[in-house]
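Try each task before you read its solution.

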Amino acid sequence: MLTSLYVEGNSWFHRLPVRVKLIALLLLSLSLFATQSLYLLVPAFLLCGWLYFSLGMTLRQALARIGLVFFTILVLAAVNFFLLPLPEVAALVLRLMALVFFAAAVTATTTISAFMDEITILLKPLERIGLLNAADVSLALGLVLRFVPDIFARYEAIREAHRARGLPIRPLTIIGPLIVLTLKDADTIAAAIDARGFRRQ
Amino acid sequence: MNTRDLVLVALFAAIVVVLGLIPPITLGFIPVPITAQSMGVMLAGCIIGAKRGALAFLLFVLLVAIGLPVLSGGRGGLAVLAGPSGGFILGWAVAAYVTGLIAERFIHEGQPESRQFGGFFLASVVGGIVVLYGIGVPWLSAVTGTPLLAAATGSLAFIPGDLLKAAIATLAARAVYAGYPLLPVRA
């Protein structure tokens, strides 16, 4: 149900460590926001676009992932068109689109587990000062992934129940029962986790 | 945080994911489709309280960031966060926190029903609309260069839909509170 946005492949960008890609994304956004020059932004846009489209997705797949973000950027550019000088609008659009291309490329070439390993490392300092437990974050993520299909099945069941009684399907009449039924499971799940000793406290 | 809190946070994040899978409803009179997902912020604060609600959304944003298509319409990944509406997504956790704080202050057991409705509605509007736009709009303006005033005026178009969402969230939160109260009690 929740298939990751990772795209199978073996390009040089796939092989780059996650940390390098994330730092590159950070540096890229900092440097792109620091410049207004079209001589830098146009090549950056073309390079990021080339990078993104060279990852082995079909054009359709590639566009489907970023279409809505690009649509928002273009709508805002249309507004800006009336308020700002043209070179500035062009710079804004190119900069944002370059960033979105690069960010989408990072997402497409990094597996969930690679991200998780990196997050665990990033959380280490917080763990040391006692703010949180890195293992808890992985546990919580695992729980979400485990329970989404169950909760969706429950949503379908509530919807079927509505249909069987001839009731219209409205968010209001579905969300309440969905939340109550789901959160009522919390105690059972918490007891199961503690019984297995996953969190040594 | 005990294990039960951890599980509540995870389950609520999972509920928000499922709300994104529900097909959106388009109303005739406003052009914006009502996705159940954007009510999640209001629901999280009103139902599981400030701290847990905010954590549920931090977890949700983490899911987005690591490339799971958990946003409505199957969107996700760093590209959405890098785009113009990234501020709204990152503002969700803060919005859920404020919603929760207000709900915890104003809702008590044994109040008349109307006070509870009022409290949940106030919490949803202040947290889910005022705070969220307070973060998302300046962010959008900074990222896209659209002047702040124009960005703010443009987002007024979403306010009617958001008020409707606050109303639905109020009714749902009150229904859950009556049946299975989880909101932490604040002295």
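**Exercise 1. Find the residues that line the largest cavity, then sort them by element and class.**

Step 1. The lining consists of A:Leu5, A:Tyr52, A:Arg65, A:Ile66, A:Ala104, A:Thr107, B:Gly76, B:Gly77, B:Leu78 and B:Ala79. A cavity is a set of points on a 1 Å grid over the protein atoms alone where a 1.4 Å probe fits but cannot get out, and lining residues have an atom within 4 Å of a point.

Step 2. Two or more lining residues come from each of α4 and α5 (86-109) of chain A and α4 (78-82) of chain B. Helices here are DSSP runs (H or I, at least four residues), numbered from the N terminus.

Step 3. By class, this lining has 6 nonpolar, 3 polar and 1 charged residues. Ala, Val, Leu, Ile, Met, Phe, Trp, Tyr, Cys and Pro count as nonpolar, Asp, Glu, Lys and Arg as charged, and the others, Gly among them, as polar.

A note on the source: this is a predicted model, where local features need pLDDT of at least 70 and side-chain atom pairs count only at pLDDT 80 or more, while totals for chains, interfaces and linings use all residues. Residues are numbered from 1 along each chain as its sequence is written, chains are lettered from A in the order in which they are written, and side-chain values use heavy atoms, without hydrogens and water.

**Exercise 2. Which element gives the largest share of the lining of the second largest cavity?**

Step 1. Locate A:Ile73, A:Leu76, A:Ala77, A:Asn80, A:Leu92, A:Val93, A:Leu96 and B:Thr144, which line the second largest cavity.

Step 2. The largest share, 4 residues, belongs to α4(A).

Terms used
1 Å grid on protein atoms, 1.4 Å probe; cavity = no way out; pocket = protein on both sides within 12 Å on 5 of 7 lines; lining within 4 Å.
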